Amino acid sequence: MARVTAGPGGRTRQAPGWIVLAAVTVALYAFWGAIPAEFVPTVITGMVLLFLAYAWNIVGGILGELSLATMVFWAMGAYTLVLAMNSGRSAWPALLAAALVAALVGWVIVVVARFLGLDGLYLAVFTLIVFEIARSLVTASEPLGRNEGVILTEFTTVRTSVYLLIGLVMLAIAVNHGILRSRIGRRWLAIKDDPVAAAATGVYTGREKARAYAISAGLAALGGGVQAYYLGYAQPGTALSVELLIAAILAVYVGGPGTIIGPLLGTLLVYGLSAMATSLSTDVDVTLYAQLLQYALAFAVIWLLSTRRASRLGLTAWLGALVRRRPRAVAPAVPGVDARLPDVALSPPVRAVDAEPGPVVLRIDGVNKSFGRVQVLRDITLDLRAGEIVGLMGPNGAGKTTLCNVVTGVIAPDTGTVSLGDKDITRMSTPARFHAGIARTFQSARLFVSLNLYDNVAVGASGGGDHDRVRDLMRRYGIDGHTSSTDAPTFVRRLAEVARAMVGAKRVLILDEPLAGLTQQQHEVILRGVRDVAAGGTAVLLVEHLIQAVAPVCDRLVVMAAGAIIADGAPQAVLRDERVVDAYLGTAVVADPVSDVEEVLGAAER
Amino acid sequence: MRIGGRRVRTVALFGVLAVGLAGCAGADDSGGTDTGGSGEKVDEVVIGAPLPLTGTGGAFGVPYLAALQLTVDAINAKGGIKSLGGAKLRLEAVDDASDAARDAQLIQQLAAKDVSAFVGPLLSASVISSVPVITRSERPFVGPNLDNAVTDAGSPWIFRVAGRATTWGDQAFDWLDGTLKAESSTVRKIGIVGIDVPPGTSTTEIIEARAKGLGWEVVKINYDQRSTLDFAPIVSRLRDANVDIVMGYQNPNDAVLFAKAVSQQSWKPANGFVWIAGGQYLTSFKEAVGPIADSWVVESYAPELSASKTPEIKELAAQFEAKVNQPLRGLAGAAPAIITVLAAAIEKAASADPTKIRDALKDLSFATPADAPFPYYSMAGGVEFDDKGDNTRWKGIIVQWEGDKQISVSPEEVTDGQLAWPATK
Amino acid sequence: MLQDIISGTTVGALYVLLALGFTVTLGIGDMVNLAHGSVVVAGMYSVFALNTEFGVSPYLAVVAATVICAALSLVIYLLAIEPSRRSGAGHREQVIYTLVITSGLAIAFQLFFGGDLKGLAFTGADVVTAGGITIAKARLVAFVIAVLVCAVFVVWLRYTTSGQLVRMTGRYTESAYAMGVPVRAVFIAVFCLGGALGGLAGGLLMTILPVSPTIGLDFLLIALIVAIAGRLSFVGVGVVGLAYGIVQAVLSNRIGGSSTALVVFVAFLAVLAAQRIFVGRLAARSA
């Protein structure tokens, strides 16, 4: 699990990381001269690979996008440096400028990819084609020396190259570290794990992707420049080498994508063998066998580790798991926490059952939606008022989830409007709606596997005040004793999801079947939490099948069938409504409709 | 956490400053190590030879290395470097698998092992990209490469025994001009075919310039050797354009494919084919292509050395043929000349110190092969290097295929056969 | 110009055959095999080795190459595809695994066959001339075989029971399980068929072009471009594949290889954009 921020007690835990980095940097600069001369070229090549691995980790490991375009930026740096030096201009400002331009190009790539609606495999192919376009541009270009490239007229020294390279590698590690320790890293990991849930939790995926690509691109350009400086030329064979990129990608995956030591471990494994071989023997066959062996080894590592449940984090996670299995000092139990049934310290419901509902917070007006020939929502009109708990029911396929998606902005309606207070938000993006106060949970608790529980809840947090709110929420729901998001029991994960939504849900909270798979006792807890939320002035839309559990809590029940709302009113009235009985309760399921309804209502009134 | 972003930026700024400072501090101390060559009593002088023994350049590299080694053995047998008390020459040959990136590594590794000079890499592209690292290692390189860019970089450590591509083209054209007049042939249109990378680019450029200078119409085709595998369209274009003669530069594989396409279309330009270096002088080329290439003319590095008038070279050629099963000529035929030049410089410098050897190379001068300090100068003309490292006394050899034999038709001192014109059957 | 077009069509048909294997694997089985290019190259080397080492006649060697590549695909499936299908991580893992496999195969080819270009000796002077156009016989044969195989394959997939069963299993996998269809066997069969088609394309390519260890990536690019621009449909793949071959042949003699590649790639992006605007997102399973 990526240790993004350290949760409660955060900042003090970050200092050691930076200190270690600084110490390593100093050590490298001081002692690099101890490397024997014949190993220096091998070490330099390894450092170049390491740098590329860290640069790619930003987009491919943390953000999780398979970008194959990184060498485009690498080449931009390489050629800019050589051409600048050859024309007598100062190289380093030129290289920095190239890095900025590369960042811009990275941003453009994200924009184009989003326009083309690409992700996954198709994004990888798109970036590969962009790379090939760059390669054919360069090899067709006379001023860029075509296949032979451009040679530096000035002859460079190894020492300067090594200094630069050390600085770059440490910079790349520092950038990775900084990202992983920050809010940004949390958001990017969320995007990697579940882009839809991330958007619903207020993460502007487009903006964040652009940032990631831009940073990675800028770094890559710097790397290309320094490599060209060392080699003394910029050539398609080295500056636009897809083999180098694949090796870096492999290193990241073997070591653990999205972690801080992953790329280092991976590079050691992916490069170490062949490096040893080239240093010890100049025989070509030996080198090739070593390379083959190391690919096989790396492949085996990924393969073995990926058969473990949800372990997508390569060596780092495996080593981490090994470490954790050792008996540790038993963590002191947080008082009052029962893993099965958290002691939810909630205030009792303050609002009397028949108190006046607040002003309208959310208005859905005349919404229609069709997918192809199937009309999923027919002329939906619905109001939610502040402090109200509205139950949304209906058979499967009635359109409940679609309606939730329309409210949260995942789907745009064909006709009709959605308004939050006075504002028409029909065209507002999902993340924006989160920040405007609309949040939701999902049918199966979609937590981000790469983040611990605290960070999961905190994904939507945007400022200092919010962090107190996060801690407060976790305490109130009794889940602040848990750290892992994947090992926690379902109940805790469900509560965490609610807490995550509550970070942003100041005005509307949508709960999509929150009771599924929980015991009756756990239902109580969840529903107490729901009442607490409503007491705070939030409108709650509770989508549920379990009428008995839900009806007592709701101020209103809305029933949907076949895409339309067929009933909307007080629970007693709605449950007695014939159309509801027909559509939902059915005649086969309930032997005596009238008396069973009485029974349910009797339970509700109790 | 909330200042994570700021931390990132601070670190980034620090990193950039560090990188910038390092750049400014760019010292100029050498990356190479010292050679212990200050005294005169040396047992052996080691010559580094990173060569393409496998891969795309293997066809060139293997015979080249064999010829290098035989020459080194011959010199050692005759007493080695006398000014160093009979020190032997030793070749440290390694396979670069035709990979320029590998060359960079090998050169540095060989330099760390204290070689005094380099006779590899061999392929033009590898040499060009190795110029910076050779220069940084501060050891002289002597090679036969013809692409202009090899010496354009202006490194004081690079020495080229054969001419630049421009000179090759010029000399070939001079010969062609004279031959056309002697044979009373006229050319109005020329087809120029070459790979679109060095040395194809510079070679085709000079041919074009000279052709235009003579008022000929030019059809120039530079093709991407990586992606062109069907030469039928190119041959077709030349045939349709009705060119009187075809000149250019092709790699061994392309040369074979092109020749086969010519054969398939049964086409002969009136004045035949004249190639500037390239794969056409290789034995393997003629074997693969057969009679279609009879009477094709090629400007080459060295003539058929088994017919040499110098007994030592003739002996060398016989040994080579016995070992490698092909005649000693072409690029491999340049190898003895390379060793001769290097040995002469070491002898003159009376030292294994690379800098002294480099200085000796700069001062080296002889007018004909017979004047060479060692009797293995297998090319035509003599040796004298200009400031850039180009050999100003080099003369290209014009050869023509006669069945499986290569006869030399120019310059006079190596002519051993009668030119058959038009250079087409 | 006509010569170029004819030349390009013969190569284009082989591109279609090559891309068809990739398309079927992705379109029907939703499996990504970025090692497809290396499988094609394996087919080429198989024919080369069988012909030059063992004297097997070239076309017989092509058949053998097809079988060899099917076997190679089985290995790739077990190593790279099955684990990711089990863990449900989908395309991302398959992309990584097959990228690594393709790199490893390139190294293996270099180890066993050397880094230089290798060609078949028999591609000799056998030509067919008609109306001023010259075509090598080998190209003509390759073209005919490619067209035939593609046709037969498409017909099988579309109109026979077994073919339709395969398509339905890919589209409605859960139902297929429920109906007792040997789903795993079907997916393996699809994957190996894709590889076999690639191997056949490679074998045929060997009869007209030389091979070297690093051209796998070029073939993969061709497969990707043709499959995706063709929207994973048979007609699309056929049209785009032929067009690719023709454009490449016509342009590369006039503006050089790199510029031609540039044109092709930019055109691909333009096609993607046009499709996005006019047709909508590409769904993986539309074959």
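Which residue forms a salt bridge with Arg210(B)?

## About the model

This is a predicted model, where local features need pLDDT of at least 70, side-chain atom pairs count only at pLDDT 80 or more, and totals for chains, interfaces and linings use all residues. Residues are numbered from 1 along each chain as its sequence is written, chains are lettered from A and ligands numbered from 1 in the order in which they are written, and side-chain values use heavy atoms, leaving out hydrogens and water.

## Salt bridges

Back to the opening question: Arg210(B) pairs with Asp174(B), and their closest N and O atoms are 2.9 Å apart. Arg210(B) sits in helix α7 (residues 200-213) of chain B and Asp174(B) in helix α6 (residues 165-182) of chain B, so this pair ties together parts that are 36 residues apart in sequence. (Helices, H or I with at least four residues, and strands, E with at least two, are DSSP runs numbered from the N terminus.) A salt bridge here means a side-chain nitrogen of Lys or Arg within 4 Å of a carboxyl oxygen of Asp or Glu. By that rule there are 36 salt bridges over all chains.

Now for chain A. Asp455(A) forms a salt bridge with Arg186(A), with 3.1 Å between the closest N and O atoms. Asp455(A) is in helix α17 (residues 453-458) of chain A and Arg186(A) in helix α7 (residues 183-193) of chain A, so the link spans parts 269 residues apart in sequence. Both Asp455(A) and Arg186(A) are buried. Buried means under 20% relative accessible area, exposed means over 50%, and partly exposed is in between (1.4 Å probe, protein chains only).

## A buried serine

Ser129(B) belongs to helix α4 (residues 124-137) of chain B, and is buried at a relative accessible area of 2%. A polar atom of its side chain lies 3.1 Å from the backbone oxygen of Ala125(B).

Setting aside neighbours within four places in sequence, Ser129(B) is in contact (heavy atoms within 4.5 Å) with Ile151(A), Tyr233(A), Gln235(A) and Ala100(B).

## Strands side by side

In chain A, four strands form an open antiparallel sheet in the order β4-β3-β6-β7. Its edge strands, β4 (374-385) and β7 (423-424) of chain A, each pair on one side only. Two strands pair if DSSP finds at least two bridges between them. Five bridges join β3 (residues 360-371) to β6 (residues 415-420), both of chain A, and Arg363(A) stands opposite Ser419(A) in β6(A).

Note on methods
A polar contact is a pair of N or O atoms within 3.5 Å; within protein, one must be able to donate a hydrogen and the other to accept it, and residues adjacent in sequence count only if both atoms are side-chain atoms.
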